[in-house]
Amino acid sequence: MRALRRPVGLVGVALLALVLFAAAFGPVLWGDRAAAVDTADLLAGPSAEHWIGTDNLGRDLFARVLVAARLSILLALAATAIGMVLGFLLGAAPMLLGRRLGRLITAAVNVLVAFPGLLLVLFFAVVFGVGARGAALAVGLAGAPAFARLCHTLIAGVSERDYVAAARIAGVGRVRMLWRHVLPNIAEPVIVYATMTAGAALLTFAGLSFLGLGVQAPDYDWGKLMQDGLNGIYVHPLAALGPGIAVVLAGLAFNLTGEAFAAGPRRTHVLPPAGPPSPATTPAATTVLSADDLRVTIPGPNGPIHAVRGVSLTVGDGEAVGVVGESGSGKSVTALAVAGLLEPPVRVEAGHLAVAGEDLLAPGASRRLGTALAVVFQDPMTSFNPAHRVGPQLAEVSRFHQGMGRRAAFARAVDRLRAVRIGDPARRARQYPFEFSGGMRQRAMIGMGLMGEPRLIVADEPTTALDVTVQRQVLDLLADVRRDTGAALLLISHDVSVVTDVCDRVLVMYAGRVVEELPAKDLRALARHPYTRALVAAVPDMETDLDRPLAVIPGLPVDPVEAPAGCAFAPRCPLADDHCRAVPPPLLDGVACHKAGEAQ
Amino acid sequence: MSTLTFHEVSVRYGTHTVLHEVSLEVPEGETVGLVGESGCGKSTLARAAVGLAPVTSGAILLDGRPVPTRGRRPVQMVFQDPYSSLDPRMTVGESIAEALPGRPARRERQQEIARLLALVHLDPGRAGDLPGQLSGGQRQRVALARALAARPQVILADEITSALDVSVQGAVLNLIRDMRRELGLSMLFISHDLAVVRYVADHLAVLHAGRIVEHGPAARVLGDPRHDYTRHLLASAHPLKEHT
Ligand SMILES: Nc1ncnc2c1ncn2[C@@H]1O[C@H](COP(=O)(O)OP(=O)(O)OP(=O)(O)O)[C@@H](O)[C@H]1O
Ligand code: SF4
Ligand SMILES: [Mg+2]
């Protein structure tokens, strides 16, 4: 529970527990007291016996506020539930009813969302008539459009996923699809949002009752109590303020709780290890990235995962360095650490870590970095918000980091889309991510990385899904940018041929370590590490023998939880002996192997 | 297994025509490789065959009859991205079971899941795992097992190895070749990587700007390309050759 570790979340949850306790047990504990008529003590002010006074029948107001918690909370929850169910159905309409009808409903929802909420509530309250049920319906209905829009956005995101397409092809019906595939995958944000809405519903309800449109005597909720207390507001202000404070506290409880759970990830700064950094690793003036002994540890259910186990690397200004290795070898984690994008509980340690002259070990470095660092990720679908058009999403970067105006930023977005070879960029900029093909989304993503003037581009599998011709264009584009701006490139890929084609230098990673570092042109022929050789041999080319199975690396990559004592590649290495299994080979002269270069 | 025929298929989104009267045949028990640049409509062609893209004109036939585009399709598709093609909240077994025809009893279902997992060289004990516990290559095998669970007559494989590590890619390609040999699968194999297509396909079709520009036996198309665009593709396929 990350939310509980933040003070706001803690306060919210504690408050919510109190409020729910009052709602659950209020009528049982204080019901008699709240109903006890005392004609001798009408409309009394606060006293030791009646903390906030009594009402016109001499009943204790404090007890009545506590008892009213149940009705107030129940009504707010009921209204939220109505809004949620209705909103979900409306939001799911495109999926349930087909495209045309769905689009109509979505348009209607968009109009309703733009309507002032309070007006809608009052309108529905009048339609449904005075009383608790009518008010619940009114508040629920008025909240539905906002819910519908949220659900629509979330569902659009999930429907983009291939598993939904796969389920459709397998013959899964629409209702089951919604139930099995969509609902579980959007539940989390919906519940967070509902929690916050419940707080707002509570306030609205109090307002309706206060206006006499909600709960009617002899029932009472906080709004009704406020209305009753209003007559004497100048004499006994607490009679009206008491229930008002209850409303505010309960509303806050819901809001803070929701907010704390909704809080997004935060950037971290890197923890320096104990002891002073070795002076030998101070970066030269011409390096844009330098890391020394970078270690990343991720807590896992079976013990900490040592994803990166002491990687040292430097990237010179304008240099292109490639990182290759199997999935799970720590390539992406290295990139994320360099970009300052890892969040606790992940631990990032380094003897030294600097990007574009900013020491990442100092607090606040990632903010000062601004657009000096551009990051391009593998999965463009999760990097783009499915609900927003592509152009404005790109423009956002320049507006935020470079303070550009809306129009200038959009123009730059169009320009960048053109730069990444997207045809008709002005039209494409106004389209949604789902209207782009996989390859185009990836190019747009790279365009987003180029909105600023980066000094270092960290690209994690940027061309994985592209065909050769476009891959070529995108890589040429990256080369152009590097030539024009002097930006360096850290290119991470599992595709050995892409890396050799683009980079000057290649690092080969295995099990969180660099096992070989060599000039890109030597990768095919001059690799000395058995793993590098196996990796290169596994790539089919136009001369591959069609009658034999492809070469594969036998066995599985090591489980990073159990970092082995000796060489991590030993279980899969044809040359391994007892010495390999006991003593980890250091990275010497560009290769970490006891038998570097020996024939297999 | 059956023959899948695209007959003058056009697909249009609004005013934008993605496929222009594409005709292509995937013969019984054979693998047709489809290559072409990004956005040229490769995925759209495959998606049209399973009803995920709207066919504006033309017909897609399975043994001469229109392919059903509702309910469980006799044509199944395996997607490119192993990280998005499995529901993260469903176990491997549940995902596969969903595609099984009929309503098999619990025992039968489990046997079938185990059989399919073994078929794609996965430990049947992994049926209870969530996708998050599997590597990309393992997920792609599960996706293949799910497609096979529906007893398809044709399989469409859309860039199924392009998101995989080279070491795993080899294993998946070997698996595809084994399955074709053992099950006699008819398959449309889409890839941007000519070396990969060359390894698995009997026939090769080249798609350019929504049109098939060249089509023939793989060895012929690669050895003696007749269309300029095919030559262009072949030329850019080998950046490595310049270095070594
Ligand atoms: N749902 C959609 N709505 C509108 N246009 C679409 C949609 N899906 C695809 N397109 C358009 O169809 C064209 C072909 O897309 P498709 O996904 O088939 O390309 P592709 O060849 O598979 O490319 P890649 O290799 O990059 O995935 C593109 O111009 C794309 O914009
Ligand atoms: S150190 Fe030994 S086990 Fe490790 S790669 Fe070299 S030869 Fe193989
Ligand atoms: Mg595609």
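Of the 244 residues that make up chain B, 57% count as buried, a term that here stands for a relative accessible area under 20%. The structure is a predicted model, and every value in this account is computed from it.

The overall form of chain B may be considered next. Its secondary structure consists of nine helices and ten strands. Computed along the principal axes would be one way to picture its extent: the C-alpha atoms fill a box of roughly 55 × 45 × 35 Å. The radius of gyration of chain B is 18 Å, and this agrees with a compact globule, because such a globule of 244 residues would have a value near 18 Å.

As for charge, chain B carries 27 positive and 26 negative side chains. The centres of these two sets lie 5 Å apart.

Chain B also meets a partner, chain A. At this interface, 62 residues of chain B are in contact with 59 residues of chain A. The area buried between the two chains is about 5100 Å², and carbon and sulfur atoms give 55% of that area. On the side of chain A, Asp162(A), Ile169(A) and Met542(A) supply 15% of the area that this chain buries against chain B, which is more than any other three residues supply.

Terms used
Residues numbered from 1 in each chain as written. Chains lettered and ligands numbered in written order. Predicted model: local features only at pLDDT ≥ 70, side-chain atom pairs only at ≥ 80, totals over all residues. Heavy atoms only, no water. Helix = DSSP H or I, 4+ residues; strand = E, 2+ residues; numbered from the N terminus. Rg over C-alpha atoms; globule rule 2.2 N^0.38 Å. Buried < 20%, exposed > 50% of the residue type's maximum accessible area, 1.4 Å probe, protein only. Lys, Arg positive; Asp, Glu negative; His and termini not counted. Charge placed at Lys NZ, Arg CZ, Asp CG, Glu CD. Contact = heavy atoms within 4.5 Å. Buried area = accessible area lost by both parts, 1.4 Å probe.
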